[in-house]
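This report is for a reader who is new to the structure. Please look through the sequence and the model shown below before reading on.

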Amino acid sequence: MRGCSKVLLKPRTSEEVSHILRYCHEKNLAVNTQGGNTGLVGGSVPVFDEIILSTALMNQVVSFQDISGILVCQAGCILEELSRYVEERDFIMPLDLGAKGSCHIGGNLATNAGGLRFLRYGSLRGTVLGLEVVLADGTILNCLTSLRKDNTGYDLKQLFIGSEGTLGVITAVSILCPPKPRAVNVAFLGCPGFAEVLQTFSTCKRMLGEILSAYEFMDAECMQLVRQHLQLTSPVQESPFYVLVETSGSKVEHDAEKLSSFLEHALGSGLVTDGTLATDQGKTKMLWALRERITEALARDGYVYKYDVSLPVDRLYDLVIDLRARLGSQAKHVVGYGHLGDGNLHLNVTAEAFSPSLLGDLEPYVYEWTAGQRGSVSAEHGVGFKKQSVLGYSKPPEALQLMQQLKTLLDPQGILNPYKTLPTRA
Ligand code: MLT
Ligand code: ZN
């Protein structure tokens, strides 16, 4: 999504953010907060002439506690730089995603980004301990505590996590980092069908237990696209589905042994037709690239219609099959991949160019299908500008109304990231 603005402001401190918002509040000027601008639903892109408030210069680490692993930093720190910082201290960030090289931690929180470590470390709603937020009128709300337990009434920080800059501007964060695992191993597998992908997941959970840290899947068309556009080659023989299993534990030999016996079992029982293991960093990275770079390969294939839905795992791939039949030759590719361990499907459709008739075949069909399974129309990418009109498929009218009331309470003039997140008519 493209936008334009005449004004870009780059504050360095929360006080500067407060001055900017106080001024904008008085003059009734709209503000669009922007981090790394890597979101997939247009939340960080101005729609008309909003002032862009960039967090790019708010990139300082405030403190790190070696014993507890609690990091406090400004909102504009780049995720990959934070990862490096905490890894030097023997910890890791609780989240990781393909856009790590440019996304900001403040944006990760504002969009409640999911990513590749969700299965193991859970949502940011659990790992974030505190936030500092500047409200629409310039008030600085300091909830930047670093306590594991704080049961003092409403958990206000949760309001701002996932609010996409519509309720306040996140300026600093306190986040709990897990210890760096001593051993990270990856298995890349070929599966003969989706039923086997599901069975392999159950087997994995039982055989790998607490060391399982990711279970990602991609279909054969995804592999074809990463090969065609990025020249990446499959490390296993051609299969209808591929699975990436990651383990993170404390003992290399122990984890490798567990993973090998799982692979032996999966191969022996026909759940998996081919597989390869990686214990060194180079090969691990190479295997992860096949999964992480699918988005990039899709972007090179043409116009991309993107859907990010949560579904019951056993129905997850039916939507892809259904759409392939529905769209026929209108689409170049209909692909399914994603965080299977989290019940999160990324359904993407590519075509030579944007076509209103193809869009008409996709929507509201995809949303109705998802609602029919009581799924979510946005599993992890958020709502932004692109999905606000479809929230009703996943939330009842009473919930949308309460969201609108909260917006009115916190931003009565509607200056914060207008036209985003909330349905136009709630
Ligand atoms: C991913 O899991 O690769 C991301 O959410 C990006 C995407 O779906 O395009
Ligand atoms: Zn994803």
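## Polar contacts of the ligand

In this predicted model, a polar side-chain atom of Tyr 337 is 3.1 Å from an oxygen atom of ligand 1. Glu 380 has an N or O atom in its side chain that lies 2.9 Å from an oxygen atom of ligand 1. For His 381, a polar side-chain atom is found 2.7 Å from an oxygen atom of the ligand. On its own, ligand 1 has 260 Å² of accessible area, and the protein covers 85% of this.

## Residues around the ligand

Tyr 337, Glu 380 and His 381 are among the residues around ligand 1. Sorted by class, the shell consists of two nonpolar, four polar and three charged residues.

## A sheet of three strands

Elsewhere, the model has an open sheet with three strands in the order S1-S3-S2, and the pairing is parallel. Strand S1 (8–9) and strand S2 (31–34) each have a single partner strand and stand at the edges, so one side of each is left without a neighbour in the sheet.

Two bridges link S1 to strand S3 (residues 51–54) in the parallel sense. Within this part of the sheet, Leu 8 is placed opposite Ile 52 of S3. In general, the strands of a sheet pair through backbone hydrogen bonds.

## The helix across the sheet

Helix H1, made up of residues 14–27, lies across S1, S2 and S3. Relative to S3, helix H1 runs at about 165 degrees.

Notes. Residues are numbered from 1 along each chain as its sequence is written. Chains are lettered from A and ligands numbered from 1 in the order in which they are written. This is a predicted model: local features need pLDDT of at least 70, side-chain atom pairs count only at pLDDT 80 or more; totals for chains, interfaces and linings use all residues. Side-chain values use heavy atoms; hydrogens and water are left out. Two strands pair if DSSP finds at least two bridges between them. Helices (H or I, at least four residues) and strands (E, at least two) are DSSP runs, numbered from the N terminus. Contact means heavy atoms within 4.5 Å. Axes are lines fitted to C-alpha atoms, for helices over the stretch in contact, and angles run from 0 to 180 degrees between N-to-C directions. A residue is near a molecule or strand if one of its heavy atoms lies within 4 Å of it. A polar contact is a pair of N or O atoms within 3.5 Å; within protein, one must be able to donate a hydrogen and the other to accept it, and residues adjacent in sequence count only if both atoms are side-chain atoms. Accessible areas come from the Shrake-Rupley method with a 1.4 Å probe; for residues, only the protein chains shown count as cover. Ala, Val, Leu, Ile, Met, Phe, Trp, Tyr, Cys and Pro count as nonpolar, Asp, Glu, Lys and Arg as charged, and the others, Gly among them, as polar.
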